[in-house]
Every structure is written in C-alpha cells, then in structure tokens.
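I opened my notebook beside the viewer.

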Amino acid sequence: MRDLSARQPGAVHSALSVLEAVAHLGAGVSAQRISAELDLPRATTYRLLNLLVEDEYLVRTPDLAGFALGAKVTQLAAVAAPPVRLSSAARSVVDDTRRVVRGGVHVVLFVDQRVVVVDPDPDFPLSDHARLLREPARYALGRLLLVEDGAATGAEVDAARADLARWGATRQCGEITATGGCLAVPLRDGAGALAGALGFSGARHRVDDPSEVLAQLRPAADALAPLVV
Amino acid sequence: MTALSRAIARPDPVAGFGDRSPLHGLERRRIGIVDLAAQSVAAVAPAAAATTVVLLVAGVAPGITVPAIVAAAVLSLCIARTVGVFARRFAAAGGLYTYAARGLGTRAGLATGAALVTGYAAVAMFALLGGAYYATYLLAGLWPGLDRPLATGATLLVEAALVAFVLVRGIRVSARAALVVESLSVVLIVVLLIVLLVNIGPVDVGALVGVSRSGGLDPVALAAGAVIALTAFVGFESAATLGVESISPLRNVPRAITGTVVLSGALYVLAAVTQVAGFTALDADLAASASPVNDLAAAYGLGGWAVVADVGIAASFLACGIGTTTALVRVLFAMSRDGVLPPALGRTHRRFGTPAAAVGAALPVIAGVPLVLLGVGVPVRDAMHVTLSVGAAGYIVSYILVCVAAPVFLRRIGELTVVPAVVAVLSAGALAASLVAFFVDDAAAGGGVVLVVGVLALTAAVVIGLLRRRHAPGSIGRYDEPVAAQVLGGVPSPRHPDDA
C-alpha cells in the first residue's frame, strides 16, 4: 500500500474491512463471498484482495480460489498495541535486579494471550524479538502462557508444567542457540492470575541449574508484581 | 474485540499449505523491479529491433508507419494486461506455460509450453546469430583479412559460453548483465536517434500520422504493418518466468511487463519518427533503403555514428540472448517440476540457486542449430530471418492461448469481471488474425517459415497426445505456492509425495 495518498482514506477503511471479513469468515473464503459480506462492488473487492495479497497480509490458498490471513497481519497488531512504560518504582526494582544478575533481564506483560515486551534489557537485547512474538512457545516466556492455558497438551507443556512446579519458573535450555537459554518467572495480580513475567536470558549453564539466578529473580518478581499489574 | 485481533491473538490452525514451495531450489526473492524489467527489455531487444522493424513496417504500410507501430503497442499493452491477470495472482517459473495450464488444463498448457519453448529457443538462436553477425561486421572493420564464416561461428560459440556462464552464476549476475548490456544499447541508439532528429529539424506531424495522404487511413495496410511491428514487441512477458526469484513478484512482475511494452513502444515511435521524418526531409523512399539509420547518418554527415549504432545493436543481441535463454531454462525447469520433462532437468545449482541442469540441456541446442545452419551453407541473414519468424510464431501462439485462458481462469477462481474478459477476448481475436496474416505473408514469400512451423506443430501435437495420457487433468501448472510459515496459524501439511 505504498502508493496510498491522503485522498484515499476510504481505501484504507475498505482494506481493513476485507481483513476483518477474512478473519470473521475463516481461511479459504472466496472473493465473491467477501464481496457479498462487505456489500462492496466485485471489481473493487478483487482489486483490494490482490493488493493485500501483494503485500502478504493475505495469502491465496493453493487452488488460488480462496483467501487466508497472512502471518504478516501480526505486524498490524504489534503496531496497534499501546506503548506501556514502567513506573519509576518498578524501574528501580528492575534496575537493581539487572545490576546483580549476569545476563538479560526483561519485563513482559501478557495481553490477550500475547506477549507484549514492556522493558527489554538494553545491555543484553532479546535474541529475536519478532520470533518471540510469532512463536512464543519456543521461549520460556511463552511457555508460561501454555501452562496457564488449560487446553494446551503435549510433552512440551508437561515439561513446562514440571519446571514451573519445581522451580517456580519455566525454562528453555539450548533449544534456540546451543549455548544459551532463558527463564521466566510469573508476575501475578492480586487474584493470582498470570499478568506478566520477569524473564532472564543468558548462558545455558545458568538455566540448566537455575537456582542461583532464581534466588535473585524470585524476590524481584514479588516486588515488581504489585507495581506493574 | 474484533474478529481480526482475535484471529491474531489466537490463530485457528490452517491446514493445506506445504512447508516448502514446489519450486524450491531456485534462489528466492532476490531481484528488484529494475533487474526484473531488464530481463523483459533484454528479451525484446528494442535497440536491435528499433533499427530494423521500422524499415519492415514501412515496406507494407508506407505513409502510416507510426500509426501501425502505435497499434501494435496498444495490442501489446492489452496482452500485457491479460498476462497481468495471472501474474498478479500467483508467482510462477513457467511463465505463460503455467498460466495457460492453470486456466485451460493439461493439453492447452502443454501446447502453450511447446509454443513458448519454441519462441524462446528460436529467438535465442536468432540473437546469437545476430550478435555474431554484427560482431564479425565490426571485427572486419578492424581487421579486413578476417575469414568471415569462421569468425561468425567462433563468435557464436563465445557468446553461448558467456550466456551459459552468467545464467549458471546466479540470477543477480544474469539479470544485471542483461541490464548493463541492454542499457548500453538503448542509450547508444536513443542518442543517435536524437542527434539525427535534431539535425533533421522541424517534423511534419501530418506526414507521420498519415492524415496528409489522400484517401485517409488504409485499414488493411495498417493491420499488415501492425502485425510486423508486433513481432518487435514479443518477449515482453518473459519477466513472468522470474516469479520465484523476484522481490514482491505479484506487484513487480506485472509492472515490469507493462513497463517493457511502454519503453519499447516509445523507442520504436522515436525510431519511426526519426526515420520517416528524415526520409521525408531528404525526399527519399524509406522502404527502398537497405539500412535506414546508416543512410540517414551518412546523409546528415554523421557517418562515424553508424559504428555506434552497430555496437549498440551487437550489445542488444547479446542481451537478447541472455534474456530469452533465462526465460527458456525456467520454462524447462517448471515443466520438469510438473513431471512433463525428466526430473533431472529440474535440478538447481546448490550454491547459485539457478536451474543449472536446464541451462546445460538448452545451450548445446541453442548454439548447435545455428552452427549447423551456417555449416550447411545457409547465409547468416537467412538463418536469422527463419529463426526470428519461427520464434515470433511461437510467441504469438502462446499469447493467443494465454488470452483465451485468462477469462476461464478468472471464472474458475470466481473472480471474473467484464473488463479483463473483454480485453482478453479482443486480444485473442486480434492475435489470431495477426497469426493468419503472418502465415499468408510468409506463404507468399516462399513458405519456408510455414513449413518449419508446421513440422514443429505436428511434432508438438504428437508429443502432447502421448504425454496427455501420463498426466491427469490438473496435474500440471505448479506455481510458487505460499508456505505454511506465511499463513497466520499455518500448519505444514505433506502434499507433494513425489517431491523429493
């Protein structure tokens, strides 16, 4: 949508309605069905669909007759998420923790089952921010979400549940890079619901035996939880 | 919470997408719009055509040369738009072959493939011959004692080796080589034409559009001229074979194709205006000139510039060889991945991601046929005429089939609207008429091309009849399908069991 000018606000509106319609009607929906649903002229609908496919917000199904949302639409959500900032009280807790922990310390919140990174460690950046948002379950942070989601099953979920029971944290040891790993300690609100997490990323041996790092993170999480949720 | 944000937060699993494209192995999303357009422009070779086609058009449509060229440009734009119907919806390596297969099924797809392979292969032979002819001509100027037939054969082999090298070395290398060489040739020709135009002085617009002639426009002569001019545009669709290798192919491939027609059309109109105005000002007959640009250059005291034009033309032929062979090997690659040709032809170079096996199979034929023709004593100009005419017939047949396929394809996917269907049907009709006129014209001149095309068509029909039994309906026309990772909630499903 590079050629869009301010004279075409209607086009933006229509394009978003088309995405909305594909989300509502489900993968594999035909162009005619979308046109009928939105009450748009057919030629206009087809043009919008082709533009959205060009930009990969939509993809055509292999028979070319249907449409599904492209993985790229998650970028729309990432843009739309409101910026969140830590209060100065919370920030001082995080800064104190970063001073004593050798590795990255990150604060995230969970919104609608999605990971929202609120305060990544400036000295030890996240290894792959986009991938964390796309495939959260590959990281300790996302595994907290899996454990909390009662419907999820599988060996990965059982392992994460066992970690949480044993350590009070989820882990990822050497699965993304052989020498690295990460930990996530839950931040819970007053009612005990999962609201966010304090994450650690660093050398793998600190995750294989997390007791030393967790001795720093657990009290920090306890102090942080009432300040961020 | 809207349906979209809910889908993003908790995507439903979507099955039916593979974990890799059926056209895996090619280097993906490498070249931008400029390199992509260079591919199409190179295959058209407008610098070489600009200097020769005006003369041919003037022969059948005297006085209405410019309108005939404009008519051919309009028809080419309509074909480009129809090709865009497919190119905007999916990315392919087989170009028109894949498009026709998706619209009309196996038999018509194979027929289009045969016509397209004939077109690309014959024009590649023509380009190698033309490059060798002009290079020998230039060399003879430097070294008068040159053995011309031997030099032509040797230059042809050097060209073929060069084409093979850049094609295997990577799409970026071959696209960039075509871009540089073709830009050089276009700039040289444009500079020469503008210098000539400035020397000629004020242009009589009435004489250019043919209105000053008594009796107005002659539609038959206009059509005959347009058919000849159309052969100067063929090749503009070849960017469609780079769908896998192009960045944002659904946006860039249609733009590259349309842009090529506009650029070539502008160059031909400039060439026609210069030559028609030049000969009108000299009060000479354009159709009677053997080499109008050289004659004009000589008449206006720019004799030395003729060498510039010859360098430009030789460069244009080389770029044309690179461009058409690039397209040819990708069609062969796509046919191999469809199971039509042996699987070995679908192998790609492990490091450079190019269809190296198809290059290895195609180049000996492309270099061998012209060498055999020269070896048995066919004059270079005659060999060039036959290969170009056979190639043009192949292109036009594939255009007709793809124009017929477009409305059927749109109906099949439920996206048929009036304008694209009307444009496609009118283009198919005009092209069919052009093809008939082309054959009638050739039959009157001896019928050599009709004979070659007839033999090729018969062979293709027999081969397709045999292949048709091996391929179930809808089994060909594989394209660069989106993979599961590109789909929100996409779950890879195994789909191509024969896809090693």
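**Entry 1. Before starting.** I noted that this is a predicted model.

**Entry 2. The five-strand sheet.** I began with chain A. In what order do the strands of the open sheet run? I read the order as E5-E4-E8-E7-E6, with antiparallel pairing. Next I looked at the edges. Strand E5 (114-119) and strand E6 (170-173) of chain A stand there. Each has a single partner strand, so one side of each is left without a neighbour in the sheet. Neighbouring strands are turned by 25° against each other on average, direction ignored. I reminded myself that strands of a sheet pair through backbone hydrogen bonds.

**Entry 3. Pairs within that sheet.** I followed strand E4 (residues 104-111) of chain A to E5(A). Five bridges link them in the antiparallel sense. A:Val107 has A:Asp119 of E5(A) as its bridge partner.

Entry 4. Which helix lies across E4, E5, E6, E7 and E8 of chain A? I found helix H7 (residues 140-148) of chain A there. H7(A) runs at about 45° to strand E7 (180-188) of chain A.

**Entry 5. Strand E3 of chain A.** I moved to strand E3 (residues 66-69) of chain A. Are its residues buried or exposed? Both faces are covered. A:Gly66 and A:Ala68 are buried on one side, and A:Phe67 and A:Leu69 are buried on the other. I then checked the partners of E3(A). Strand E1 (residues 29-30) of chain A runs antiparallel to E3(A), and two bridges join them. A:Ser30 has A:Gly66 as its bridge partner. Strand E2 (residues 58-60) of chain A pairs with E3(A) over three bridges, also antiparallel. A:Arg60 stands opposite A:Phe67. E2(A) and E3(A) make a hairpin with five residues between the strands. In that hairpin, A:Leu64 takes a positive phi near 70°.

**Entry 6. Two helices of chain B.** I turned to helix H6 (residues 106-142) and helix H7 (residues 148-169) of chain B. How do their axes cross? They come within 8 Å and cross at roughly 125°. An angle from 65 to 115 degrees would count as roughly perpendicular, and one over 145 as roughly antiparallel. H6(B) and H7(B) are therefore oblique to each other. Their crossing is right-handed. I listed some of the residues in contact. H6(B) brings B:Leu128, B:Leu129 and B:Tyr133, among others. From H7(B) come residues including B:Arg148, B:Leu156 and B:Glu159. By class, the contact has ten nonpolar, four polar and two charged residues.

**Entry 7. Where the chains touch.** How many residues of chain B are in contact with chain A? I noted 28 residues of chain B, in contact with 31 residues of chain A. On the chain B side, helix H1 (3-9), strand E1 (14-17) and helix H11 (249-282) each supply at least two residues. H1(B) gives the largest share, six residues.

Notes:
Residues numbered from 1 in each chain as written. Chains lettered and ligands numbered in written order. Predicted model: local features only at pLDDT ≥ 70, side-chain atom pairs only at ≥ 80, totals over all residues. Axes fitted to C-alpha atoms, helices over the stretch in contact; angles between N-to-C directions. Helix = DSSP H or I, 4+ residues; strand = E, 2+ residues; numbered from the N terminus. Parallel < 35°, antiparallel > 145°, perpendicular 65-115°, else oblique. Left-handed = near helix turned anticlockwise from the far one by under 90°. Contact = placed C-beta atoms within 7 Å. Nonpolar A, V, L, I, M, F, W, Y, C, P; charged D, E, K, R; others polar. Pairing = 2+ DSSP bridges. Buried ≥ 20, exposed ≤ 12 C-beta atoms within 10 Å, placed from the backbone.
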